[in-house]
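Thanks for coming. Please have the sequence and the model open while I talk.

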Amino acid sequence: TVRNGKVPGTFRLSVLDNGVTSNEFWTIGGVADDLSWIVFHYAGAATAVGQRYIGGLLCTADGSLPPPERQQEVWEALGRVRIQPWELYVVNNDPKAPGAIDAGPAPLTY
């Protein structure tokens with residue numbers, strides 16, 4: 001379930017995973033004017049199992065880092081949500097990547 005937060009750019013999510021409910025608060029840390037990248041930050045808790053966590057995402061259309069001339073603004077957005085650039089790692093969603101599980105095409109089109 002996704003609910004808008006009280007402040008624009010914030011969202012509350014509830015996720016049921018193996019019988020445990022996690023509640024998360026998401027914010028937008030920064031976004032490019034041309035929408036080529038966005039930084040999200042989240043904080044969540046699965047109180048039934050005593051777990052809490054924080055994290056963030058740098059999202060781009062193709063999963064690669066923005067070009068060098070745009071990276072300073074990305075690093076600043078990451079800094080606003082207390083993420084250091086060295087904490088990033090690449091997630092390869094290419095179904096042809098080694099070890100990938102072919103889940104079929106994306107469910108959304110635009």
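First, the ground rules. This is a predicted model, in which local features need pLDDT of at least 70 and side-chain atom pairs count only at pLDDT 80 or more, while totals for chains, interfaces and linings use all residues. Residues are numbered from 1 along each chain as its sequence is written, and side-chain values use heavy atoms, with hydrogens and water left out.

Now the fold. The protein has five strands and one helix. Starting at the N terminus, the order is β-β-β-β-β-α. Helices here are DSSP runs of H or I with at least four residues, strands are runs of E with at least two, and both are numbered from the N terminus.

Next, surface and contacts. Of the 110 residues in the protein, 25% are buried. Buried means under 20% relative accessible area, exposed means over 50%, and partly exposed is in between, with a 1.4 Å probe and protein chains only. The protein exposes about 8600 Å², and 56% of that comes from carbon and sulfur atoms. Those areas come from the Shrake-Rupley method with a 1.4 Å probe; for residues, only the protein chains shown count as cover. Among contacts in the protein with a separation of 6 or more, 26% are between residues 24 or more positions apart. A contact is heavy atoms within 4.5 Å.

On to the core. In soluble globular proteins, nonpolar side chains tend to be buried together. Which residues form the largest nonpolar core here? There are nine: Ala32, Trp37, Val39, Leu58, Val74, Ala77, Leu78, Val81 and Ile83. Both β4 and α1 supply at least two residues of this core, and the largest share, three residues, comes from α1. By nonpolar core I mean buried Ala, Val, Leu, Ile, Met, Phe, Trp, Tyr and Cys residues joined through side-chain atoms within 4.5 Å. Take alanine 77 from that list: setting aside neighbours within four places in sequence, alanine 77 contacts Gly29, Gly30, Trp37 and Val39.

The aromatics are brief. Searching the whole structure gives three aromatic pairs, a pair being Phe, Tyr or Trp rings (for Trp, the six-membered ring) with centres within 6.5 Å; planes under 30 degrees apart count as stacked, over 60 as edge-to-face and the rest as tilted. One aromatic cluster is made up of Trp26, Phe40, Tyr42 and Tyr53.

How many salt bridges does the whole structure hold? Two, where a salt bridge is a side-chain nitrogen of Lys or Arg within 4 Å of a carboxyl oxygen of Asp or Glu. One joins aspartate 34 to arginine 70, at 3.4 Å from N to O. This pair links distant parts of the chain, 36 residues apart, with aspartate 34 in the loop between β3 and β4 and arginine 70 in helix α1. Arginine 70 also bridges to glutamate 73, with the closest N and O atoms 2.6 Å apart. Arginine 70 and glutamate 73 are both in α1, three residues or about one turn of the helix apart. Glutamate 73 is partly exposed, at 32% relative accessible area.

Last, the backbone. Most residues other than glycine have a negative phi. Leucine 35 is not a glycine, yet has a positive phi of about 60°. Leucine 35 sits in the loop between β3 (20-31) and β4 (37-46), and counts as exposed at 69% relative accessibility. Arginine 82 also has a positive phi of about 60°; arginine 82 is in the segment after α1 (68-80) and is exposed, at 73%.
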